Each structure stands twice: as C-alpha cells, then as structure tokens.
Amino acid sequence: MTQSFSLPSDHAPPRSSDGLSDRQADCLRLAGQGLSSRQIARRLGLSARTVDDHILLGCRWLGVRTRVQAVALLVRDDRRAAEPRSFTP
C-alpha cells in the first residue's frame, strides 16, 4: 500500500516545533549540522530511508517545503526556549 502525502500550502503559516517527535527533531538538528541522511542514519542507528521519513514528516508538521526551512524553524524555537524568562511579581 502506497501512502500519498501532500505538501504544505504556500499560504499556511509555519508551526512551532513543539509538536515534533524527539526523533524528528534529532534528525533535523543533525541535518542542521550539515550531515547527510546517510550520516544521520549511521549516527542514530536508523536507515537513511527512515531518516528521510522523519525529516519529511517534520517538514510537513512545521508547514515548510525543505529541510533547510525546517532546520531554521527548529533552531529559532530552540533559541527561544533557551532564552531566560523574566519574572514580574
């Protein structure tokens, strides 16, 4: 059985990376370090096809078309999460 996936609309706003699975986020972070799908697969003990699937589903969740766009959103969200929050009583 073949699954059919549609690409996100050009008009849909990007989502937050909060909904990504840990594995999707891991694959995108490693892709952001310049690793290929094969290199990511070796590092995580997966097949390259599985890595590609994680990246595809991560792109779809984020509402972007490329892994570069997905990495950029993930980095943005990681930075926001690391920023100190001010507390006002």
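From the N terminus on, the chain runs α-α-α-α, with 4 helices and 0 strands. Helices here are DSSP runs of H or I with at least four residues, strands are runs of E with at least two, and both are numbered from the N terminus. Please keep in mind that this is a predicted model, in which local features need pLDDT of at least 70 and side-chain atom pairs count only at pLDDT 80 or more, while totals for chains, interfaces and linings use all residues. Residues are numbered from 1 along each chain as its sequence is written, and side-chain values use heavy atoms, with hydrogens and water left out.

Let us start with the chain as a whole. Of its 89 residues, 29% are buried; buried means under 20% relative accessible area, exposed means over 50%, and partly exposed lies in between, with a 1.4 Å probe and protein chains only. A contact means heavy atoms within 4.5 Å.

Now to helix H1, residues 22-32. Its buried residues are Gln24, Ala25, Cys27, Leu28, Leu30 and Ala31, and they pack against H2, H3 and H4. After H1 comes Gly34, with a positive phi near 90 degrees. In the segment before H1 you will find Gly19, which is partly exposed because its relative accessibility is 41%. The C-alpha atoms of Gly19 and Gly58 lie 8.9 Å from each other, although 39 residues separate them along the chain.

Helix H2 spans residues 37-44, and Ser37, Ile40 and Ala41 are buried in it. These residues sit on the same side of H2, because they cover an arc of only 100 degrees around the axis; the arc is that of the directions from the helix axis to the C-beta atoms. On the face of H2 turned away from the buried side are the exposed residues Arg38, Arg42 and Arg43. What covers the buried residues of H2 includes H1, H3 (48-62) and H4 (67-82). Just after H2, Gly45 has a positive phi of about 70 degrees.

How do the helices meet? Two packed helices are described by the angle between their axes and the distance between the axes. Axes are lines fitted to C-alpha atoms, for helices over the stretch in contact, and angles run from 0 to 180 degrees between N-to-C directions. The axes of H1 and H3 come within 9 Å and cross at roughly 100 degrees. H1 is therefore roughly perpendicular to H3; angles of 65 to 115 degrees count this way, those under 35 as roughly parallel, those over 145 as roughly antiparallel and the rest as oblique. On the H1 side, Arg23, Gln24, Cys27, Leu28 and Ala31 make the contact, and on the H3 side, Val51, His54, Ile55, Leu57, Gly58 and Leu62. These residues divide into 7 nonpolar, 3 polar and 1 charged. For that count, Ala, Val, Leu, Ile, Met, Phe, Trp, Tyr, Cys and Pro are nonpolar, Asp, Glu, Lys and Arg are charged, and the others, Gly among them, are polar.

H2 packs on H3 at an angle of about 105 degrees, with the axes 8 Å apart, which means that H2 is roughly perpendicular to H3. Ser37, Arg38, Ile40 and Ala41 of H2 meet Ala48, Val51, Asp52 and Ile55 of H3. This contact divides into 5 nonpolar, 1 polar and 2 charged residues.

Val51 in H3 deserves a look. Val51 counts as buried because its relative accessibility is 0%. Leaving aside neighbours within four places in sequence, Val51 touches Cys27, Ser37, Ile40, Ala41 and Leu46. From Val51 to Gln39, 12 residues apart along the chain, the C-alpha separation is 9.7 Å. Asp53, also placed in helix H3, is partly exposed, because its relative accessibility is 30%. Asp53 and Gln24 are 29 residues apart in sequence and 8.7 Å apart in space, C-alpha to C-alpha.

Finally, the cysteines. Cys27 is buried, because its relative accessible area is 0%, and Cys59 counts as buried because its relative accessibility is 6%. How many disulfides does the structure hold? The number is 0, where a disulfide is a pair of cysteine sulfur atoms within 2.5 Å.
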